[in-house]
Amino acid sequence: MRKLYGYIAIAASFSSLAYAEIKKPWDGSYKSFKGDYLIYSGDLGEQQQPTRSDRKASFVIEGQLAKELFESIAPDLKDACGTLSGLRVRQKGHVDCTYDKDHPASPYTCHFGLDLRSGKSTTGSIC
């Protein structure tokens, strides 16, 4: 029986070493991401061409970065727009992220916005 415990301990050590080898250490370097943006004026629901005095930017991010942001924001909102259709929604401040299992190619999406005149954050989506 002692041999069995010894073998289990050795196997556990090797598996944790293998995991440590696979996980790349944080190196502080920037990574690229997939996203789009819109420069506009007015409100997002009725956006207009940007003006000299009113310029905002709405950003949408997809892929790995959106997944990391989604996983960093918890918990899911229960009564948010789209949750009745199975969409998972998470929000902190002006950052909102969704997970949609029905879009396997890109299930994670995040939105945020900036008021380019004041430099303050703003919403990046209307729903």
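A disulfide, for these notes, is a pair of cysteine sulfur atoms within 2.5 Å. I'm working on a predicted model.

**Disulfide**

I went looking for disulfides first, and the count came to one. It joins C97 to C110, with S to S at 2.1 Å, so the pair falls within the 2.5 Å cut-off. Next I checked the torsion about the S-S bond of C97 and C110: it is about 110 degrees, so I'm noting this disulfide as right-handed. I also looked up where the two cysteines sit. C97 is in strand β4 (residues 95-99) and C110 is in strand β5 (residues 108-115), so the link bridges distant parts of the chain, 13 residues apart.

Buried or exposed, C97 and C110? I call C97 buried because its relative accessible area is 0%, and buried means under 20%. C110 also counts as buried, because its relative accessibility is 0%.

Leaving out residues up to four places away in sequence, I61 touches F33, K34, G35, A66, Y108, T109, C110 and F112.

**Cis bond**

Last, I checked a peptide bond: the one from A74 to P75 is cis, with omega near 0 degrees. I found P75 in the loop between α2 (64-72) and β3 (88-92).

Definitions and conventions: Residues numbered from 1 in each chain as written. Predicted model: local features only at pLDDT ≥ 70, side-chain atom pairs only at ≥ 80, totals over all residues. Heavy atoms only, no water. Helix = DSSP H or I, 4+ residues; strand = E, 2+ residues; numbered from the N terminus. Buried < 20%, exposed > 50% of the residue type's maximum accessible area, 1.4 Å probe, protein only. Contact = heavy atoms within 4.5 Å.
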